[in-house]
Amino acid sequence: MSDPVTGIITPVRLEYTYTPGVAASRFLKRIASKEIVGQKCPRCAKVYVPPRGSCPKCGVPTEEEVTVADSGTVTTFCIVNIPFAGSVPVPYVSAHILLDGSDIPLVGLLQEVAAEDVRMGMRVKAVWVPDEELAPTLLSIKYFTPTGEPDVPIEKIMEYRDA
Amino acid sequence: MELCGVIGIGQTKHDTARTDVSIAGLVREAALRALEDAGLTWSDIEAVVLGKAPDMFEGMMMPELYLADALGAVGKPLLRVHTAGSVGGSTAVVAAHHVQSGRFKRVLTVAYEKQSESNAMWALAPKIPFQQPIVAGAGGYFAPHIREYIRRSGAPSDIGIKVALKDRLNALKNPFAHLRMEGITLEQVAASPVLWDPIRFLECCPSSDGACAMVLASEDVATRNEPAWVLGTAVRSEPLGMAGRDEINPRAGRDCAEAVYAQAGIKDPRNDIDCVEMYVPFSWYEPMWLENLGFTEIGTGWRLTEDGVTALDGDLPVNMSGGVLSSNPIGASGMLRFAEAALQVRGRAGEHQVDGARIGLGHAYGGGSQFFAMWVVSGEKP
């Protein structure tokens, strides 16, 4: 009797066509010209970036487009020390960034700052890829970097505050 | 509503890689133990309810079809449940509803994961077309929220270390636990590498292969088997991305607890509940969920950990089995929590038995703290 077969390797590869839908499609188009747009809920007035086309809280369609800043505040963050397939070199800081004018944070990469110097409340701004590389993808923002402005007091940060 | 009792409980030995069994063999191992405990055979079972986490975790699409014959479900109703990490809990809830509705008298429910067959971190970090790939698996997702909990509560930085040690020591009393870290110390946990700051390596759950199964039965069948009676079940969800959502203390978790306590007649959870088995994949979630579940005031969950209240010999033991921190077959992890609560109130938890446990809470969560499932069980017939 030969040894039992305890496992075989069968690689799985997945390719898919992503359909962003009307709201996200506008967001992606505009980001190629360095503009970040969200949508405001007609009922609760919260601004969603990227826009979803509806408000998850009120359950109503969102149509009003709002341009938000490419600067914002770090609400919280994580220092990643463990690499995974396709990750940026470690250590890196993955931060929740509340863009000025938005009511929901994006997760963004924070660079040009030592990980141990990152703080909740730190002011940051987007660093865009060179103009010729701009495309309809959030990857048009290379990363975020500190602005040097004073930190925002933690109690003024809106994430988590309003459920 | 009909009464429902847990009359059979089975689980596998959980391990990094169960290369000795296929997925079908793994689920049968747990199911056969549950049937044996219940004193029943496959033909006694009227319906099967199966749960597991995303198919990408093993790369096998719709495994419930493949597992139908292994679980004796041919010619019977078979339903698969999927609610991310909370699935083991919500699967047990669906099975309980099968009985409580009066439609079935004997239901087998099974949950599993065989993480060694693929890579969950890969499955959880897909290349989203218009985003940077920077959220590094579940640890990378939850670490920022833990940071906010620590800031908000002012908890000492070693609380996570204490939870990690407690759960690994409890696991030494559980023969099915994956991690068995004899002689583990606080210093060892504290010195382990920080993977996703503020989360250390030894403050994380392992990646496990394992399964859990239970037989649930109606009152007439269950009464003969010293069951754990189901006093309440609840499942709640909320959107992942909602402006102002408090992911430290999610409303869905609070609402789910409130609903399950109301059904079970629990007015003061801290005094009325004897032991809690909750879903803690990263150690800081013990104090966070203690608050979310209403066991203590907001911002004070860490004090219960620090004061030893949640220790096996404490006033409110938490994760007697060693918890998710010691065994994490993801799809089964929620059901293992529910099963441990049932084992405790049946007085059959062996070395990790809480003396005189009468009322137990099983808790599971999943996704970005957005899916919750809970049940309250009792050794005494309501």
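Two bridges tie strand 4 (residues 71–80) of chain A to strand 5 of chain B, and these two strands run antiparallel. Within that link, Val80(A) has Trp196(B) as its bridge partner in strand 5 of chain B. Strands here are DSSP runs of E with at least two residues, helices are runs of H or I with at least four residues, and both are numbered from the N terminus. Two strands count as paired if DSSP finds at least two bridges between them.

A quick word on the model: it is predicted, so local features need pLDDT of at least 70 and side-chain atom pairs count only at pLDDT 80 or more, while totals for chains, interfaces and linings use all residues. Residues are numbered from 1 along each chain as its sequence is written, and chains are lettered from A and ligands numbered from 1 in the order in which they are written.

Now the rest of the interface. In all, 36 residues of chain B are in contact with 37 residues of chain A, where contact means that C-beta atoms, placed from the backbone, lie within 7 Å. On the chain B side, helix 4 (120–124), helix 5 (137–153) and strand 5 (194–197) each supply at least two residues. Helix 5 of chain B gives the most, with seven residues.

Next, chain B itself. Chain B has an open sheet of nine strands in the order 3-2-4-7-1-8-11-10-9, with mixed pairing. Strand 3 (78–81) and strand 9 (275–277) of chain B sit at the edges with a single partner strand each, so one side of each has no neighbour in the sheet. Inside the sheet, five bridges join strand 2 (residues 47–51) of chain B to strand 4 (residues 106–114) of chain B, and this pair runs parallel. Gly51(B), for one, has Ala111(B) as its bridge partner in strand 4 of chain B.

Chain A is built from one helix and eight strands, in the sequence pattern α-β-β-β-β-β-β-β-β. Its radius of gyration is well over the globule-rule value, so chain A is more spread out than a compact globule. That radius is taken over C-alpha atoms, and the rule is 2.2 Å times the number of residues to the power 0.38.

Here are the size figures for chain A:

| Chain A property | Value |
|---|---|
| Radius of gyration | 19 Å |
| C-alpha trace span along principal axes | about 70 × 40 × 40 Å |

Technical notes:
Two residues are in contact if their C-beta atoms, placed from the backbone, lie within 7 Å.
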